[in-house]
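Let us read a protein model feature by feature.

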Amino acid sequence: MSNLASHTFSGSEIDEPEGGITRGRSIKDPIHDYIPLSPLMSKFIDTKQFQRLRDVKQLGTSCYVWPGASHNRFEHSIGVAYLSRLMASHLKQAQPELGITDRDISCVEIAGLCHDLGHGPWSHVWDSMFIPIVLPGSQWTHEQGSEMMLDYLITANSISIAEDDVKFIKALIAGDRSKCNPDEKPFLFDIVANKRNGLDVDKFDYIQRDSHMIGDPIHISLQRIINSARVLDNQICYDIKDANQIYEICATRFKLHKIIYNHKAAKAIEYMIIDGLLKADPYLNIARKVEHPEEYVHLTDNIMPFIEANNHPELAESRAIFERIRMRDLYRCVDYKVIDWPYRDYCKQNITAKRIVEEANKLPVTPPVDGDDVEPLTEEDVIVDFSTMHYGMKEKNPLEFVSFYSKRNPNKCAKANRGDYSNLMPQLFAEVLVRIYTKKAQYFGIVQSGYREVLRQLDSEPPLLDLNDAIISTGTGAITPPVTEAPSTPKAHSRHPSFSNLSFSTGTPFTNNEFTTVPPGFAPKSPLRGVGKKASAGSMKLKRAREEGVEPLSVKKARK
């Protein structure tokens, strides 16, 4: 087994014809310019296990909204590897007393390169949406997939690497020190997958790369941030003068989730892809491929065109769903609302597709449809989507978990207090966006009305909440008092907790969104409606009946 310390960026290690010019290999990257690749890096990159990432979209379905966002996990992984080496090399040079070795740097670099090896089709659509449905109870994550694919890559390509190095790389990918030798340096785990505060080079790369590819680039002064990094108390700390820049990185993460990653159309397409895969799974056995690396290596976003090109009758339903995506006949978002963080669990328990359908079917409204046959609204036709968006540490301020130093005290670190950086911060660092979708456009208004009836019922019987759950973090330490400290006043409970300090003077947590209100009988025009077909006699009859205020018998039967 070889020692990774022998692998560096030295161009002299690359085989060249005798008498030729010795040059290292490099890749031109739109974010980091030229990225040098060592011979060891090339051994990992030039494999089918890593090249697979060329066919896995970094932003899943976002390219259907932002056509430029068609970049893949391949280039992101190379960018993360590059930043991993930069960070580790900076720490080695700035603090030689840390004892960082070339082997440490190579392991961190490979961890950055391979941290996304396990991503499935459309990235997070696979592990956070598809797998939990088709394999209930499974704890599979793309990080576990990355470990599996790393083992497969090393074995299949006969890469000589020490077993302890492999364990260390896997632990760095997982951000879990317990998975490797306890003698490994703790602060190195802050570089690729920082579980302490979420500040890692993975985030540094995707914030710049994703925003650049959608056409609205966000600049992060990476050189300044990396040069600011310093290890104190076995963790990576930053100069206090860079606290505002660190905070902006966290705020930018939230912005991307709010505007880009959770766009309503992209989210609708995610659910359509999930439905298409669920219809195909009994025939193709897609999900179980996560257990077999030699099969998983061929599972990418290309599963969609594969199904579309397959004429087997078992895949007809999947093909029909994918055709709707191609024709832009998407599931429709009928309503949305931002939920205050303390209400998240209560809303998830009470705002359900079943309850919405029950209320919708009580309405004396008929859907505007073509023809005499009216399919009844069912629970399967409605989607309730809860998207959690935060600054990186759920409801908490990420900077409460970051330590800083000053140039006057470079060997002492501490948490930043209120007034040490900007006080213009949100009072809540996380929120939940709830969206209601209908798979059948003709039920748009009816589903919205059913959802709003559910909100009305929740508003009439608000939950009993512990107001301490809504305590606002101000960056002065823990959000709640430590257990050894007695509270100065008894805990307050209220069925109508006040959110007046959130800058909104009207409304309740369950107030309707007036900007999205439509009549109960509203249905948006479908891209396919009226294309290449004439109105049927049944549809004309239904139209005349509505104009006369009479409900057709076929509709009455369907509603019953």
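Q: What should I know about the source and the numbering?
A: This is a predicted model: local features need pLDDT of at least 70, side-chain atom pairs count only at pLDDT 80 or more, and totals for chains, interfaces and linings use all residues. Residues are numbered from 1 along each chain as its sequence is written, and side-chain values use heavy atoms, with hydrogens and water left out.

Q: How many residues of strand β4 are buried?
A: Buried means under 20% relative accessible area, exposed over 50%, and partly exposed in between, with a 1.4 Å probe and protein chains only. Strands (E, at least two residues) and helices (H or I, at least four) are DSSP runs, numbered from the N terminus. In β4 (residues 235-239), five of the five residues are buried, so the strand is largely enclosed by the rest of the structure.

Q: In what sense does β4 pair with β3?
A: Two strands pair if DSSP finds at least two bridges between them. Strand β3 (residues 230-232) pairs with β4 in the antiparallel sense, over three bridges. Arg230 stands opposite Cys237 in β4. Two residues lie between the strands of this hairpin, where Asp233 takes a positive phi near 55°.

Q: How many bridges join β4 to β7?
A: Two bridges link β4 with strand β7 (residues 403-406), and the two run parallel. Here Tyr238 faces Phe404 in β7.

Q: What does Ser228 touch?
A: Contact means heavy atoms within 4.5 Å. Ser228 sits in helix α9 (residues 222-228). Its relative accessible area is 4%, so Ser228 is buried. Leaving out residues up to four places away in sequence, Ser228 touches Cys237, Tyr238, Asp239, Asp242 and Tyr405.

Q: How many disulfides does the structure hold?
A: A disulfide is a covalent bond between the sulfur atoms of two cysteines. The test is a pair of cysteine sulfur atoms within 2.5 Å. The structure holds zero disulfides. For Cys180, the nearest cysteine sulfur is that of Cys107, 9.6 Å away. Cys180 is buried at 12% relative accessible area. Cys250 is buried too, at 3%.

Q: At what angle do α16 and α17 cross?
A: Axes are lines fitted to C-alpha atoms, for helices over the stretch in contact, and angles run from 0 to 180 degrees between N-to-C directions. Helix α16 (residues 353-360) and helix α17 (residues 444-460) have axes that come within 8 Å and cross at roughly 105°. Angles under 35 degrees count as roughly parallel, over 145 as roughly antiparallel, 65 to 115 as roughly perpendicular and the rest as oblique. So α16 is roughly perpendicular to α17. Residues making the contact include Ile356 of α16 and Val454 of α17.
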